[in-house]
Amino acid sequence: MLSYTLFDHTADIGVEILGRTKKELFAHAAHALFDIMIQTTFHKNRKSRGGKGRQLIKMVDGADVEDLFINFLRELLYLFNGKRWVVDHCEMIECSNTRLIATLWVEPYNKKKHSMKTEIKAVTYSGLSVKKFKSGWMARLIFDV
Amino acid sequence: MSEIKLEKLDDNRWLLPQTGSMRVPGIIYANDKIHDLLQHDESTKQVANVAHLPGIVNFSLAMPDIHWGYGFPIGGVAAFDMDGGIVSPGGVGYDINCGCRLMTTGLALDDIRGKIKDLTVALYQRIPTGVGSTGYVKLSGKDQKKVLEEGAKWAVRNGFGSLQDLETTEDGGCLSGADPEQVSARALERGKQQLGTLGSGNHFLEIEVVQDIFDEKAAGAFGLSKGQIVVMIHTGSRGLGYQICDDYLALMVKHQSETGIALPDRQLACNYLASQRGKNYLAAMACGANYAWANRQILMHLTQEVFEKSLSIAPRELGMRLVYDVCHNIAKIESFKINGVEKKLCVHRKGATRAYPAGHEAVPARYKSVGQPVLIPGDMGAGSYILVGQEKAMQETFGSACHGAGRVMSRTQAIKTSRGRSISRELADQGVLVMAGSKGTLGEEMPEAYKNLNDVVQVVHDAGIAKKVARLKSIACIKG
């Protein structure tokens, strides 16, 4: 399954993300965010990633699943914009509709290794939807670039 | 995509009728051509959404550079009553006080012919551009708070430019009411490294030549003459501003239900102007605005140094002078006559420029007889326009005009369209030298991605809210 696709938005970037489970949807969203921003390898499993770098445990709250989704991506974006960490693997430990705990594998941003593709200024609520379908989960959102 | 039907009021204005829970109707400034483009995105719906917000006065407005944003449309203008009205971080946008600054020089095109490439390379080397670029000025925590409180004044006090520059900066380059205590540690951290940087995306520094003069009197007052070399800078408050917006948006979304305000789109999250949360946002937003003015003031100073060094000329010979600095993403408390009564309103301009007329107290003394300069950058090939604010803007648009050409093509579409082409070579063929950090930026920002600047400016001119003064042609451009 392709974890994300882009849809047209005049000024910004629209993203549609799919996951078989809610946890997978959130992990795919983390992948989408970093994949749109920089040239990097996002590892879908821990084995392929190897043990280098740091692990961060993040706990995020939200008013509902949509708010939680945005707040999670906000935290990830801050790790890059504020702390200069690149997240290259993400595992969801717990994920309800209002709270999640995730383990993030990060490495420091390196200009030579991670060439920039697009600067994402923010994760917006505009046109946001996070929905469960028979076969899985789908989210649509717009990144401000 | 938009199914909303607009009613034509005249050649330059369309009415969006008040329906459902809209508190006021909308008015979109557009000619027939721009109106047709509105059918392809959600921007009309966004004008209608803004009309749902409490305390909105007269109309939810959009300028002819309107395009699909998030929450408010880009090109949106909305004023809210101080009594019962709201303030919305999304109505200002992430890049608080994104704006433009225009400087004239005493040089003509012939003075720099043959030296343009060296000059552009020198500018590109000296002025930090691109994502995550760090600035020329490193701030201590104490200094950063001063920047947030004082804006361009801090920059001038620290040797970047002169006091005279403050006279021709909107609000003197310092918005009052700034309180650094309302700015998060995250925002402060992001701001520490980025003062004196241009950024990426649509931000730029351009060398331009005055190509046409439409209004001799206003051009004379602004110090513009045909064939003159000028410089335009377009940038804002960088990561600090984005973080302030994001922090307050998250906070307002979290507490939205307590306000009792029903929203058609979460991105419009807001709070009453009279509420503590609303006041705190305005105090933090003012910090972002002041940071942006300090940023543009420092960039102007660096530009001046590069010109002097690269061309081996003295400051007097270069004669670089600030014409004006305007912001186009802001919420400000301003006074307007509503039904004959003077009222203080909180005017949100999201991708819209203030356009005050002759005689207004906020217009600098040297422009008082003609009105405030309105700076309208176009795409890389089109150059820019300089307009002057008109009385009609006070009556119709809360003293506002457009801010640029406005996108018409998505970034992904633009990149696809530009594939296999050399945008820099195409621009070079038009006499525009471009230096950018990445090919992607050039593709995203290709001229076809924008509306025709002439159409946008003509609507504003014909509607009488701002009048054309001069047209500038791009010669060289640096981007992130």
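Against which helices do the buried residues of α8(B) pack?

**Helix α8 of chain B**

Select residues 185-192 of chain B, which form helix α8. Its buried residues are B:Ala187, B:Arg190 and B:Gly191. Around the helix axis they span an arc of only 100°, which places them on the same side of α8(B). Now display the partners of these buried residues: α3 of chain A, together with α5 (141-150), α10 (238-254) and α12 (276-311) of chain B.

**The crossing of α5(B) and α12(B)**

Keep two of those partners, α5(B) and α12(B), and hide the rest. Their axes come within 6 Å and cross at roughly 100°. Because angles of 65 to 115 degrees count as roughly perpendicular, the two helices α5(B) and α12(B) are described in that way. Show the side chains at the crossing next. From α5(B), the contact is made by B:Val147, B:Leu148, B:Glu149 and B:Glu150; α12(B) contributes B:Cys287, B:Asn290, B:Tyr291 and B:Ala294. Colouring this contact by class gives five nonpolar, one polar and two charged residues.

**The contact between chains A and B**

Return to both chains and select the residues at their contact: 27 residues come from chain A and 32 residues from chain B. On the side of chain A that touches chain B, α3, β6 (122-133) and β7 (136-144) each supply at least two residues. The residues on that side of chain A comprise 11 nonpolar, eight polar and eight charged.

**Confidence in chain A**

Colour chain A by pLDDT. The mean for chain A is 90, and 98% of its residues reach 70 or more. Where in chain A is confidence highest, and where is it lowest? The highest mean, 96, belongs to helix α3 (residues 65-81) of chain A, whereas helix α2 (residues 46-49) of chain A has the lowest, at 71. Where pLDDT is low, predicted coordinates should not be read in detail.

**B:Leu15 in strand β2 of chain B**

For the last stop, centre the view on B:Leu15, in strand β2 (residues 13-16) of chain B. Is B:Leu15 buried or partly exposed? With 14 other C-beta atoms within 10 Å, B:Leu15 is partly exposed. Leaving aside residues up to four places away in sequence, B:Leu15 touches B:Leu6, B:Glu7, B:Leu9, B:Pro25 and B:Ile27. Finally, draw a distance from B:Leu15 to B:Ile28: the two are 13 residues apart in sequence and 6.5 Å apart in space, C-alpha to C-alpha.

How values were computed
Residues numbered from 1 in each chain as written. Chains lettered and ligands numbered in written order. Predicted model: local features only at pLDDT ≥ 70, side-chain atom pairs only at ≥ 80, totals over all residues. pLDDT = per-residue confidence, 0-100. Helix = DSSP H or I, 4+ residues; strand = E, 2+ residues; numbered from the N terminus. Contact = placed C-beta atoms within 7 Å. Nonpolar A, V, L, I, M, F, W, Y, C, P; charged D, E, K, R; others polar. Buried ≥ 20, exposed ≤ 12 C-beta atoms within 10 Å, placed from the backbone. Arc of directions from axis to C-beta. Axes fitted to C-alpha atoms, helices over the stretch in contact; angles between N-to-C directions. Parallel < 35°, antiparallel > 145°, perpendicular 65-115°, else oblique.
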